[in-house]
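Biologist: I'm new to this one. Can you put it up and walk me through a few places?

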Amino acid sequence: MNAEAEARIWLAPAKINLALHVTGRRADGYHLIESLAVFTRFGDRVEIERADSDLFSVSGKYASSVPLDDSNLVVKAREALRREAGLQRTPPVAIRLEKNLPVASGVGGGSSDAAAVLRGLVHAWALDVDDAELARIGLALGADIPMCLAAKPLVARGIGDELSSVPDFPALGLVLVNPGTAVSTAEVFKALASRDNDVLPPLPSRIDFHSIRNWLEITRNDLEPAARAIQPAIGKALSVLNKAGAGFARMSGSGATCFGLFETGNVAKRAALDIRGRHPDWFVAATRSMEAGTHGQY
């Protein structure tokens, strides 16, 4: 692949909520949260190039679940950025989405796709748009998009738009498992027993596999009980991860994808092979989370 082609391909990583506390609800209905989130090296892929007319196509394992009309966040992101920049500066583009993440699965796939498109179009159209402006545009499309634009270890507060990066956060070995069921985020929030829960505890002063695993033990995903009541297969996915040797297992976001934390990437790969062998119809991916890095500071 040449350098020009590489510049047109953008990763849309899975967003994993390692912990997610629901801390309140605004008058407009949006829930307030505190979440520690990381982003994985596995995800969807977006390719963008100039074209004679706007095109949007989808390939990949989960392509059949993706709408191609203007209800898709990818198309909404393209049009939102075009409105901001003006038609003269935003000529037609072909956007090709490789959909590797299951839809409605609690890993921010649609939001991450939209974030990748926003970043890719800023490059393709050579726009002078900074991170703060891009986050503002993204937030109007969905509460998860600002954190997906950041795509590095962070704590999200508010409705998910108040972001604090977590420096020196290590790469974690992860196995992602989805038992093949979609879960409605709206239905999960509707079924919550409590919406005024305590905030996240302070992060450990030194973050490594052991300290973050111990910290996770005193945190929660407040959406998990409601999601498990709606879709009991989530409990089975968690059980399978624990039996495969996960140091810690939890549901991500509103489900049904669950993650297992493993001490090394190789251990995660072996666990994923075992789970895939036992459940060939499930979504199973071994991956690593992306480290904090030094770019795109808030």
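Biologist: Let's start with H10. Which residues are buried there?

Modeller: First, a caution: this is a predicted model. In H10, the buried residues are Gly265, Ala268, Ala271, Ala272 and Ile275. They sit on the same side of H10, because they cover an arc of only 120 degrees around its axis.

Biologist: And which exposed residues does the face turned away from the buried side carry?

Modeller: That face of H10 carries Asn266, Lys269, Arg270, Leu273 and Gly277.

Biologist: How far apart are the end C-alpha atoms of H10?

Modeller: They are 20 Å apart. H10 has 14 residues (265-278), and at 1.5 Å a residue it should span 20 Å, so the two agree.

Biologist: Which of them lie nearest its centre?

Modeller: Gly108, Ser111, Asp144, Thr185 and Ser254.

Biologist: Where does the largest share of the lining come from?

Modeller: From H3, with 4 residues. Among the elements that each supply at least two residues are strand E1 (9-25), strand E2 (31-50) and helix H2 (73-85).

Biologist: You mentioned Asp144. How far is its C-alpha atom from that of Ala156?

Modeller: The two C-alpha atoms are separated by 9.4 Å, and the residues are 12 apart along the chain. Ala156 is in strand E5 (residues 154-157).

Biologist: Is Ala156 buried or exposed?

Modeller: Ala156 has a relative accessible area of 0%, so it counts as buried. Leaving out residues up to four places away in sequence, Ala156 touches Ile33, Glu34, Ser35, Met147, Glu162 and Leu163.

Biologist: Now the backbone. Which residues does a cis peptide bond join?

Modeller: Gly255 and Ala256, with omega about 10 degrees. Ala256 is in the loop between strand E8 (248-251) and E9. Most peptide bonds are trans, and most residues other than glycine have a negative phi.

Biologist: On phi, what is the value for Ala126?

Modeller: It is positive, about 50 degrees, although Ala126 is not a glycine. Ala126 lies in the loop between H3 and helix H4 (131-141) and is exposed, with a relative accessible area of 64%.

Biologist: And what is phi for Asp168?

Modeller: Also positive, about 65 degrees. Asp168 is in the loop between strand E6 (162-165) and E7, and at 70% relative accessibility it counts as exposed.

Note on methods. Residues are numbered from 1 along each chain as its sequence is written. This is a predicted model: local features need pLDDT of at least 70, side-chain atom pairs count only at pLDDT 80 or more; totals for chains, interfaces and linings use all residues. Side-chain values use heavy atoms; hydrogens and water are left out. On a 1 Å grid over the protein atoms alone, a cavity is a set of points where a 1.4 Å probe fits but cannot get out, and a pocket is an open set with protein on both sides within 12 Å along at least five of seven lines; lining residues have an atom within 4 Å of a point. The expected span of a helix is 1.5 Å times one less than its number of residues. Buried means under 20% relative accessible area, exposed over 50%, partly exposed in between (1.4 Å probe, protein chains only). The arc is that of the directions from the helix axis to the C-beta atoms. Contact means heavy atoms within 4.5 Å.
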